[in-house]
Amino acid sequence: FGNLLANAVKYGRENGRIRITARAVPGCKVEVCVSDNGPGIPSDALDRIFERFYRVDRARSRDQGGTGLGLSIVKHIIQNHGGMVWAERDLGKSTSVFFTVPQVPWQSEP
C-alpha cells in the first residue's frame with residue numbers, strides 16, 4: 001500500500017490529488033484503489049508495469065530514482081495473499097491501481 005501511495009505522489013501532478021477508496025466486492029474480498037491525477041500510463045505500457053525492472057519513462061525515472069521493482073513487489077505480495085492487482089488509466093488525466101485481498105472477519109482482542 002505504501003508503495004502505491006509513493007508512486008501516486010512521485011508520478012502525479014505537482015499540487016495534484018490522490019484518491020484512496022476501498023469497498024467490499026463479491027467473493028468476500030476487499031478492493032482498494034489508489035488513484036492520482038498525473039499524466040496516466042500509455043496503453044502499450046499498462047500491461048507491463050508490474051514486470052520487474054520495467055520503467056514507463058526511463059528519463060524521468062533517472063531524475064526521480066527507483067529501480068522498477070516496486071510494482072512487481074506489490075503484485076507478488078498481493079498474489080501471495082490471495083488477491084489480484086491491476087491498473088487502469090485515462091491518458092492525460094489519471095492512473096488508478098487496484099488490488100483485491102480476501103476479507104478477514106473483524107476479531108476484537110479479549
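This is a predicted model: local features need pLDDT of at least 70, side-chain atom pairs count only at pLDDT 80 or more; totals for chains, interfaces and linings use all residues.
**Aromatic pair**

- One aromatic pair is present in the structure.
- The pair is stacked because the rings of Trp86 and Phe98, with centres 5.3 Å apart, have planes at 5 degrees, and planes under 30 degrees apart count as stacked.
- Distant parts of the chain are linked by this pair, with Trp86 in strand 3 (residues 85-90) and Phe98 in strand 4 (residues 94-102), twelve residues apart.

**Strand pairing**

- Strand 3 and strand 4 are antiparallel and pair over six bridges.
- Within this pairing, Glu88 has Ser96 in strand 4 as its bridge partner.
- The two strands, 3 and 4, form a hairpin with three residues between them.
- In the turn of that hairpin, Gly92 has a positive phi of about 90 degrees.
- Strand 4 also runs antiparallel to strand 2, to which eight bridges join it.
- For Val32, the bridge partner in strand 4 is Phe99.

- Val101 is located in strand 4.
- With a relative accessible area of 22%, Val101 is partly exposed, because the buried class requires a value under 20%.
- Val101 and Lys29 are 72 residues apart along the chain, yet their C-alpha atoms are separated by 5.5 Å.
- Once neighbours within four places in sequence are set aside, the contacts of Val101 are Cys28, Lys29, Val30, Ile78 and Gly83.

**Helix 1**

- Helix 1 spans residues 2-11, and Leu4, Asn7 and Ala8 are buried in it.
- These buried residues line one face of the helix, because they fall within an arc of 100 degrees when seen down the axis of helix 1.
- The elements covering the buried residues of helix 1 include strand 1 (18-25), strand 2 (29-36), helix 4 (70-80) and strand 4.

**Salt bridges**

- The count of salt bridges comes to two.
- In one of them, Arg23 is joined to Glu31, with the closest N and O atoms 3.0 Å apart.
- Glu31, by contrast, is buried, with a relative accessible area of 12%.
- A salt bridge also brings together the side chains of Arg48 and Glu51, at 3.1 Å from N to O.
- Arg48 is partly exposed, its relative accessible area being 37%.
- Glu51 is likewise partly exposed, at 35%.

Technical notes
Residues are numbered from 1 along each chain as its sequence is written. Side-chain values use heavy atoms; hydrogens and water are left out. Rings of Phe, Tyr and Trp (its six-membered ring) pair if their centres lie within 6.5 Å; planes under 30 degrees apart count as stacked, over 60 as edge-to-face and the rest as tilted. Buried means under 20% relative accessible area, exposed over 50%, partly exposed in between (1.4 Å probe, protein chains only). The arc is that of the directions from the helix axis to the C-beta atoms. Contact means heavy atoms within 4.5 Å. Two strands pair if DSSP finds at least two bridges between them. A salt bridge is a side-chain nitrogen of Lys or Arg within 4 Å of a carboxyl oxygen of Asp or Glu.
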